[in-house]
Amino acid sequence: FGRAYWISDSMQLSIDEAGRYAMLNITATDSQIISTAKNNLYGLDPNSFTVTSTSQNISGINYKRINATYVFTFSIPNLFPFGNITLTRQTTVPLL
């Protein structure tokens, strides 16, 4: 479970960094934001993660919602009866 927590925390860090990038570069494309998130997955294979970036407009304010998803497999798969766990992290930042 410690490994799952570390990966989840790393996912949150990477999308938070991508959110900061989006706030500083409000004209950045979704692919640039996704690339920033994947580049901040330190020590992990970025190709194993699904990262999305979408735009929202709420009450006249533009936002970027960044999601990261990873299917976590236990090191010893038969030790726990519940199989793989899908880890999901999300952040939303205003673009002012």
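Visitor: Why is F74 called buried?

Guide: Happy to start there, with a reminder that this is a predicted model. The relative accessible area of F74 is 9%.

Visitor: Why is the pair of F72 and F74 called edge-to-face?

Guide: Here the ring centres are 5.1 Å apart and the planes are at 80°. With the centres within 6.5 Å and the planes over 60 degrees apart, F72 and F74 are therefore an edge-to-face pair. F72 is also buried: its relative accessibility is 1%, and the limit is under 20%. Ring pairs link F1, F72 and F74 into a cluster, and the count for the chain comes to three aromatic pairs.

Visitor: Which residues touch the most other members of the largest nonpolar core?

Guide: They are I7, M11, F49, Y70 and F72, in a core of 21 residues. Two or more residues each come from α1, α2 (30-39), β2 and β3. The largest share is that of α1, with six residues. As background, nonpolar side chains in soluble globular proteins tend to be buried together.

Visitor: What is I7 in contact with, beyond its neighbours within four places in sequence?

Guide: I7 is in contact with L44, F49, Y70, F72 and L87. For each of them, that means heavy atoms within 4.5 Å.

Visitor: How do you know that F49 is buried?

Guide: F49 has a relative accessible area of 4%. The class requires under 20%, so F49 is buried. F49 sits in the loop between α2 and β1 (50-58). Residues up to four places away in sequence aside, F49 touches I7, M11, K38, L41, L44, T69 and Y70. The C-alpha atoms of F49 and Y70 are 5.0 Å apart, although 21 residues separate the two in sequence.

Visitor: Why does Q12 count as buried?

Guide: Q12, found in helix α1, has a relative accessibility of 16%. That is under 20%, so Q12 counts as buried. Leaving aside neighbours within four places in sequence, Q12 is in contact with R89, Q90 and T91.

Visitor: What makes R20 partly exposed?

Guide: R20 is in helix α1 and has a relative accessible area of 40%. Buried would require under 20% and exposed over 50%, so R20 falls in between, as partly exposed. The C-alpha atoms of R20 and P94 are separated by 9.8 Å, with the two residues 74 apart along the chain.

Visitor: Why is S59 called exposed?

Guide: S59 has a relative accessibility of 74%. S59 is in the loop between β1 and β2, and has a positive phi of about 55° although it is not a glycine.

Visitor: What does the secondary structure of the whole chain come to?

Guide: It comes to two helices and three strands, in the order α-α-β-β-β from the N terminus on. The C-alpha trace spans about 50 × 25 × 20 Å along its principal axes. Of the 96 residues, 33% count as buried. Among contacts with a separation of 6 or more, 53% involve residues 24 or more positions apart.

Key: Residues numbered from 1 in each chain as written. Predicted model: local features only at pLDDT ≥ 70, side-chain atom pairs only at ≥ 80, totals over all residues. Heavy atoms only, no water. Helix = DSSP H or I, 4+ residues; strand = E, 2+ residues; numbered from the N terminus. Buried < 20%, exposed > 50% of the residue type's maximum accessible area, 1.4 Å probe, protein only. Phe/Tyr/Trp six-rings, centres within 6.5 Å; stacked < 30°, edge-to-face > 60°. Core = buried A, V, L, I, M, F, W, Y, C linked by side-chain atoms within 4.5 Å.
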